[in-house]
Amino acid sequence: MKNFFAFCLLLTTTILQAQERCGFGLSEKTRASNPVWLRQKAEFEYQLRQDIAKSEGANLRIADKILKIPVVIHVIHNNPVNIIGGTNNANITDEQINSQIVVLNEDYRRKTGTKGFNTNAVGADMEIEFVLATIDPKGIASTGITRTFYDKVSWNLLDETQKSQIGNLIHWDYEKYLNIWVVAGDKSTIGTSGFPYDSKLIGLGATALDITNQNIFDGVIIDYRYFGTCCAVSGTTYNLGRTTTHEIGHYLGLLHPTGDEFCGTDYCDDTPQIEKLNDGTSCPILTSTCNGVKRTNMIENYMDYSPDRCMNTFTNDQKKRVRSALSLSIKRQRLLINSELALGIEPVNANNKSLQISPNPIVQNNNAILSIQFNGVRDLSISIYSMIGILMNEENYVAQKSNVFALNTDKLRSGQYVVKVKFGDEIATEKIIVVK
């Protein structure tokens with residue numbers, strides 16, 4: 001794997017390439033002076049590295065399964081009479097929104113016969129699909145599209161990831177929906193996104209760090225002129241919906257191929273180490289010389305800055321990284337667990353079990369995720385017992401719905417234990433194995 005110690009340099013090195021396409025790199029630089037955030041980020045990268053190494057080839061916790069992510073599109077506009085569509089109107093049409101959903105599914109599924117297909121030897125089908133939500137947070141049927149008037153001409157997308165006036169204006173539950181806001185940007189950047197390391201990570205236990213801003217903003221923001229493939233799209237370089245593909249890549253845990261520094265790292269072996277991103281307007285053959293080795297840039301990678309027409313590739317290592325990030329971030333895990341509800345699908349548990357624990361065995365101090373499903377709202381207790389009935393740990397929660405919870409096994413020795421979950425009048429038990 002690319003040199004992990006390069007990560008330390010990533011935290012302090014000045015971003016060298018232009019950032020007009022994506023606000024993520026600028027956001028990284030802005031927060032680099034925050035020691036709490038730096039610690040969280042370093043822990044995130046360390047855990048990803050460990051998790052990928054343990055399940056080389058695929059993340060076995062959620063591999064071999066097509067993941068469906070419910071999406072809500074929040075159209076923010078300053079059209080007082082709510083006219084939809086037309087030139088220079090941020091209140092974009094449903095047709096433009098649907099065109100973006102089509103592109104996402106072509107790109108993340110490497111769909112044959114579309115612009116999202118490639119024949120790259122390391123190209124991957126990410127096995128992720130995006131679906132407009134059919135149920136809103138109140139349980140009411142929905143198109144997965146909201147429209148909100150706000151008397152503001154343009155938005156600074158980078159500021160929104162820090163201050164999130166947009167998130168306060170409107171958002172749906174971040175643990176049930178991928179929120180995408182479509183706005184009139186101020187042209188400082190055309191897209192930006194949240195990232196999984198803002199969430200508490202499984203395994204950090206009581207010392208877990210949490211960026212409180214994540215509760216206000218977690219999702220993707222796109223300038224309406226670069227969203228989808230039709231209608232109000234006015235860009236000529238970024239006009240095929242790949243800005244949203246790129247930003248969702250960050251939301252799922254991917255970095256720019258440079259790691260936002262000269263010859264930096266994105267921690268994916270099959271993306272070449274490069275000097276800078278392709279921030280031009282064409283698709284040339286570019287080369288980089290890093291550490292004395294000359295390589296051809298993968299300008300076709302969705303996480304580069306290449307024009308939309310150049311892009312068609314996610315790699316196998318990028319898929320591994322995303323799958324691992326989805327396993328390690330409690331917030332992203334909850335999104336996947338809750339996705340059936342947001343899409344109007346009745347939750348389905350393997351073997352119809354109300355309690356599932358993953359991974360099991362639990363290896364090397366890594367905590368596990370409990371998926372607990374039941375009807376309604378109930379008080380909940382999670383207890384761990386030794387095989388001779390000694391209570392080892394207990395946690396209690398008030399007024400909970402079906403969700404995922406972290407099971408803290410930090411203080412347990414190697415051996416077998418019984419997890420007992422009581423929700424209302426019901427009890428479910430499962431045996432776990434801890435290996436240290």
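**The helix pair H3 and H8**

Tutor: The axes of helix H3 (residues 35-54) and helix H8 (residues 316-328) come within 9 Å and cross at roughly 115°. Axes here are lines fitted to C-alpha atoms, for helices over the stretch in contact, with angles running from 0 to 180 degrees between N-to-C directions. The crossing of H3 past H8 is right-handed, meaning that the near helix is turned clockwise from the far one by less than a right angle.

The model is predicted: local features need pLDDT of at least 70, side-chain atom pairs count only at pLDDT 80 or more, and totals for chains, interfaces and linings use all residues. Residues are numbered from 1 along each chain as its sequence is written, and side-chain values use heavy atoms, with hydrogens and water left out.

On the H3 side, the contact is made by Phe 44, Glu 45, Gln 47, Leu 48, Asp 51 and Ile 52. In H8 they meet Lys 320, Arg 321, Ser 324, Ala 325 and Leu 328, where contact means heavy atoms within 4.5 Å. The residues of this contact divide into five nonpolar, two polar and four charged; Ala, Val, Leu, Ile, Met, Phe, Trp, Tyr, Cys and Pro count as nonpolar, Asp, Glu, Lys and Arg as charged, and the others, Gly among them, as polar.

Now the strands. Helices (H or I, at least four residues) and strands (E, at least two) are DSSP runs, numbered from the N terminus. Five strands form an open sheet of mixed pairing, in the order E10-E16-E15-E12-E13; two strands pair if DSSP finds at least two bridges between them. Its edge strands, each pairing on one side only, are E10 (362-363) and E13 (391-400). Within this sheet, strand E12 (residues 378-386) runs antiparallel to strand E15 (residues 415-423), joined by seven bridges. Tyr 385 has Val 418 in E15 as its bridge partner.

Another open sheet has three strands in the order E9-E11-E14, with antiparallel pairing. E11 (residues 368-372) pairs with E14 over five bridges, and Ile 369 has Ala 406 in E14 as its bridge partner.

Lastly, the structure holds three disulfides, a disulfide being a pair of cysteine sulfur atoms within 2.5 Å. One of them joins Cys 230 and Cys 231, with sulfur atoms 2.4 Å apart. The torsion about its S-S bond is about -65°, so this disulfide is left-handed.
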